[in-house]
Amino acid sequence: MTENTVTAPKKIIFSGMQPTGYPTLGNYLGAIKNWGALQEEYDCLYCIVDMHAITVRQDPAQLRKNAKNLLALFIACGLDPEENILYMQSQYHGHAELSWILNCYTYMGELGRMTQFKEKSAKNEANINTGLFTYPVLMAADILLFGTALVPVGDDQRQHLELSRDVAMRFNNIYGDVFTVPEAYIPKSGARIMSLTEPTRKMSKSDEENSYVSLMDAPDAVIRKFKRAVTDSDMEIRYDQAEKPGISNLLEIYANACGISIDAAVAEFEGKGYGHLKTTVGEAVVGNIIEPVQGRFAEISKDAAYLDEIMKKNAQRAAQIGERVLKKVKKKVGFVV
Ligand code: AQP
């Protein structure tokens with residue numbers, strides 16, 4: 001490269017995860033694993049979205065602990081805290097400020113159509129709070145605050161991302177080019193890992209314990225959960241999400257855990273029984289994901305001062321980027337800045 005060469009700024013990536021417990025295998029395969037692959041090509045912000053987490057009642061001490069553990073787990077999963085901005089949502093006020101402004105540019109009807117709101121309010125009938133309803137607006141703020149070009153998420157976030165795009169375009173139509181309109185970045189495989197006990201539903205950390213594998217489950221518990229995974233009464237191992245959701249889910253998990261294609265996974269199990277499939281998938285998950293991640297997590301989480309330093313420094317790095325957009329937005333809507 002010559003001295004005069006100007007390199008184009010890298011595109012910005014933003015994604016978040018709720019500290020509502022340890023991430024599941026679904027969170028890992030649908031999100032964290034892919035985040036790691038993007039860190040060189042893009043400027044990446046990965047946020048622990050504790051403000052989203054309180055839309056469902058949380059124990060305060062546990063929430064704080066979960067948030068710190070999630071930071072350590074991000075690093076244990078291969079996210080470099082120097083290359084990426086790994087930080088806590090509540091430690092940068094810009095998220096809340098922009099969220100309020102965007103609330104005034106989002107319609108009740110749009111939010112009422114959100115599948116996650118319908119599902120979560122059905123699960124939490126005693127606490128259908130406004131935060132649960134406006135969750136996607138906060139998510140839009142998270143993304144738009146940084147001029148984000150790409151948002152790597154699992155398939156369940158597609159609808160929320162579409163709303164972020166609509167709100168950005170609506171705002172830009174009124175005030176000019178303020179926001180970058182973000183694109184979803186959804187992996188071709190692993191974007192929707194299903195529950196082990198009900199394979200037509202997505203794997204979720206707030207569901208019944210045997211339905212999900214947590215990154216912090218003991219290896220023997222992981223094997224046991226896979227052995228109990230719901231399949232079907234047929235005998236054939238083939239990939240067919242509609243007819244064979246349980247087997248297809250196991251094949252998808254195996255392919256992703258081993259870094260091979262689904263076709264290669266199907267070929268590997270040709271002529272084998274369901275028992276063999278379940279044990280082999282469990283062992284691959286333990287050997288390739290659970291044990292290495294837990295080993296690194298044990299080392300990293302010992303050093304509380306190091307994690308505190310990362311949190312502080314990275315919240316400041318996020319604020320440096322966010323303030324530019326926030327100031328512009330405030331000016332546009334007519335605040336005295
Ligand atoms: N089953 C899944 N398969 C693939 N990707 C998934 N993601 C979540 N579940 C799956 C992706 O993980 C990222 C972070 O999700 P989150 O923790 O912010 O919230 P969530 O989508 O609501 O995840 P959970 O596990 O279902 O949490 P709870 O039970 O607390 O609501 C997102 O990119 C998501 O797409």
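Trainee: How far is an oxygen atom of the ligand from an N or O atom in the side chain of Asn-27?
Mentor: That distance is 3.1 Å. It's a predicted model, where local features need pLDDT of at least 70, side-chain atom pairs count only at pLDDT 80 or more, and totals for chains, interfaces and linings use all residues. Residues are numbered from 1 along each chain as its sequence is written, and side-chain values use heavy atoms, with hydrogens and water left out.
Trainee: And what about the side chain of Lys-205, how far is an N or O atom there from an oxygen atom of the ligand?
Mentor: For Lys-205 it's 2.6 Å. With Lys-120, a side-chain N or O atom is 2.8 Å from a ligand oxygen.
Trainee: How much of the ligand's accessible area does the protein cover?
Mentor: 97% of the 650 Å² that the ligand has on its own. Accessible areas come from the Shrake-Rupley method with a 1.4 Å probe; for residues, only the protein chains shown count as cover.
Trainee: Which residues come nearest to the ligand?
Mentor: Asp-156, Ile-193, Ser-204, Lys-205 and Ser-206, out of the 22 residues around the ligand.
Trainee: Which element gives the most to that shell?
Mentor: That's α1, with four residues. The elements giving two or more are β1 (12-17) and α1 (25-38). Helices (H or I, at least four residues) and strands (E, at least two) are DSSP runs, numbered from the N terminus.
Trainee: Switching topic: where is Asn-34, and is Asn-34 buried or exposed?
Mentor: Asn-34 is in helix α1. Asn-34 counts as buried because its relative accessible area is 19%. Buried means under 20% relative accessible area, exposed over 50%, and partly exposed in between (1.4 Å probe, protein chains only).
Trainee: What about Gln-157, where does that lie?
Mentor: In the loop between β4 (150-152) and α8 (158-175). Gln-157 has 12% relative accessibility, so Gln-157 counts as buried.
Trainee: Which side chain does Gln-157 make a polar contact with?
Mentor: His-160, at 2.9 Å. A polar contact is a pair of N or O atoms within 3.5 Å; within protein, one must be able to donate a hydrogen and the other to accept it, and residues adjacent in sequence count only if both atoms are side-chain atoms.
Trainee: Last one: why does Ala-242 count as exposed?
Mentor: Because its relative accessibility is 70%. Ala-242 lies in the loop between α9 (219-227) and α10 (245-258).

Conventions. A residue is near a molecule or strand if one of its heavy atoms lies within 4 Å of it.
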